Amino acid sequence: EIVHRAPGRYDVLWGINGDDHLTSLAQEWEPFISELLGGPGQWHLQFNGLLMTLPGASEQAWHIDGEHLFCEEARDVTLPAHCVNIFLPLVP
């Protein structure tokens, strides 16, 4: 999957999601994520991807980066933290 979010901005899962090397790198965040979300075994990697932004790219509109919890439930309830997005810039 490659999503064109805005001119010059691409969100890429194709060929990246589930990559063994990237998945193993995600495990380096395990202690931090576990503490944040309730302890070992209380989280899982939903996906990994790549956000490619070209020089001069437009800003993208707000959007979700994963599924909501309890989509069928009322939207006016306060839910616990359940998702963490981590972006690592790959520029010098």
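This is a predicted model: local features need pLDDT of at least 70, side-chain atom pairs count only at pLDDT 80 or more; totals for chains, interfaces and linings use all residues.

Me: How do I read a sheet, and in which order do the strands lie here?

Reply: The general idea is that strands of a sheet pair through backbone hydrogen bonds, and the pairing can be parallel or antiparallel. In this model 3 strands form an open sheet, ordered β1-β2-β3, with antiparallel pairing. Because β1 (2-6) and β3 (50-53) stand at the edges and have a single partner strand each, one side of each is left without a neighbour in the sheet. From one strand to the next, the twist averages 20°.

Me: How many bridges join each pair of strands, and which residues stand opposite one another?

Reply: Strands β1 and β2 pair in the antiparallel sense over 4 bridges, and within this pairing Ala6 has Arg9 in β2 as its bridge partner. Strand β2, which covers residues 9-12, is joined to β3 by 4 bridges, and these two strands also run antiparallel; here Asp11 stands opposite Leu51 in β3.

Me: What happens at the turn between β1 and β2?

Reply: The two strands form a hairpin with 2 residues between them, and in this hairpin Gly8 takes a positive phi near 85°.

Me: Now I would like to understand burial. Is Asp11 buried or exposed, and what is it in contact with?

Reply: A residue counts as buried when its relative accessible area is under 20%. Asp11, which has its place in strand β2, has a relative accessible area of 18%, and therefore Asp11 is buried. If you leave aside the neighbours within four places in sequence, Asp11 is in contact with several residues, among them Ile2, Val3, Leu50 and His63.

Me: Where is Ser34, and is it buried or exposed?

Reply: Ser34 lies in helix α2, and with a relative accessible area of 4% Ser34 is buried. Apart from neighbours within four places in sequence, its contacts are Gly39, Pro40 and Trp43. For the chain as a whole, 14% of the 92 residues count as buried.

Me: Then what can be said about the surface, and which residues form the nonpolar patch?

Reply: The chain exposes about 7,600 Å², of which carbon and sulfur atoms supply 59%. A nonpolar patch on the surface includes Trp29, Phe32, Met52 and Val84, and the residues of the patch together have about 910 Å² of accessible area. Both α2 (30-37) and β3 supply at least two residues of this patch. Val84 belongs to the segment after β3, and at 30% relative accessibility Val84 counts as partly exposed.

Key
Residues are numbered from 1 along each chain as its sequence is written. Side-chain values use heavy atoms; hydrogens and water are left out. Two strands pair if DSSP finds at least two bridges between them. Axes are lines fitted to C-alpha atoms, for helices over the stretch in contact, and angles run from 0 to 180 degrees between N-to-C directions. Buried means under 20% relative accessible area, exposed over 50%, partly exposed in between (1.4 Å probe, protein chains only). Accessible areas come from the Shrake-Rupley method with a 1.4 Å probe; for residues, only the protein chains shown count as cover. Patches are made of residues with over 30% relative accessible area and no salt bridge: like charges are joined within 9 Å, nonpolar side chains (Val, Leu, Ile, Met, Phe, Trp, Tyr) within 5 Å. A salt bridge is a side-chain nitrogen of Lys or Arg within 4 Å of a carboxyl oxygen of Asp or Glu. Contact means heavy atoms within 4.5 Å.
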